[in-house]
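Thanks for asking me to look this one over. My notes follow the structure, as a few numbered points.

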Amino acid sequence: GKQVTVTAKIPDELRRRLARLGVNVSGLIREALEMEVKRLERERLRRLAEEAGEILQRIPAEELVKAIRDGREAR
């Protein structure tokens, strides 16, 4: 897809060390950002599942069973 440029300021010494080591900075940044997005998405889903579980615990079991049965019958 379409690509955009992002800019980050880093100390010149770090830039020199990265260059000396032959680090592909663009690739490293892309990979790190992708990993962080995946981590944050997993964390968000975990929190949502936790909240859903807490809500479901407050609903009496017989109401859940009835809702599931009613849903099946509606199909």
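1. A definition to start with: helices here are DSSP runs of H or I with at least four residues, numbered from the N terminus. Please keep in mind as you read that this is a predicted model.

2. On the overall fold, the protein has three helices and zero strands, so in sequence order the pattern reads α-α-α. The radius of gyration is 24 Å, whereas a compact globule of 75 residues would come out near 11 Å. Along the principal axes, the C-alpha atoms occupy a box of roughly 65 × 30 × 20 Å.

3. Of the 75 residues, 3% count as buried.

4. One nonpolar surface patch covers about 730 Å², and Val4, Val6, Leu21, Val23, Val25, Leu28, Ile29 and Leu33 make it up. Is valine 6, one of its members, buried or exposed? Its relative accessibility is 60%, and the cut-off for exposed is over 50%, so valine 6 counts as exposed. Valine 6 sits in the segment before helix H1 (12–20).

5. Turning to charges, the protein carries 18 positive and 14 negative ones, and their mean positions lie 8 Å apart. The count of salt bridges comes to eight.

6. Helix H2 (residues 25–57) holds glutamate 43 and arginine 47, four residues apart and so separated by about one helical turn. Their side chains meet in a salt bridge at 3.7 Å, N to O. Glutamate 43 is partly exposed at 27% relative accessible area, and arginine 47 is partly exposed at 39%.

7. Also in helix H2, glutamate 50 and arginine 46 are four residues apart, which means about one helical turn between them. They form a salt bridge whose closest N and O atoms are 2.7 Å apart. Glutamate 50 is partly exposed, with 44% relative accessibility; arginine 46 is partly exposed too, with 39%.

8. What separates aspartate 70 and lysine 66 in helix H3 (residues 61–74)? About one helical turn, because they are four residues apart. This pair forms a salt bridge as well, with 2.7 Å between the closest N and O atoms, and aspartate 70 is partly exposed at 36% relative accessible area. Elsewhere, salt bridges with shared partners link Asp12, Glu13, Arg15 and Arg16 into one network.

Methods:
Residues numbered from 1 in each chain as written. Predicted model: local features only at pLDDT ≥ 70, side-chain atom pairs only at ≥ 80, totals over all residues. Heavy atoms only, no water. Helix = DSSP H or I, 4+ residues; strand = E, 2+ residues; numbered from the N terminus. Rg over C-alpha atoms; globule rule 2.2 N^0.38 Å. Buried < 20%, exposed > 50% of the residue type's maximum accessible area, 1.4 Å probe, protein only. Lys, Arg positive; Asp, Glu negative; His and termini not counted. Charge placed at Lys NZ, Arg CZ, Asp CG, Glu CD. Patch = residues over 30% accessible without salt bridge, like charges linked within 9 Å, V, L, I, M, F, W, Y side chains within 5 Å. Areas by Shrake-Rupley, 256 points an atom, 1.4 Å probe, with all protein chains shown as cover. Salt bridge = Lys/Arg side-chain N within 4 Å of Asp/Glu carboxyl O.
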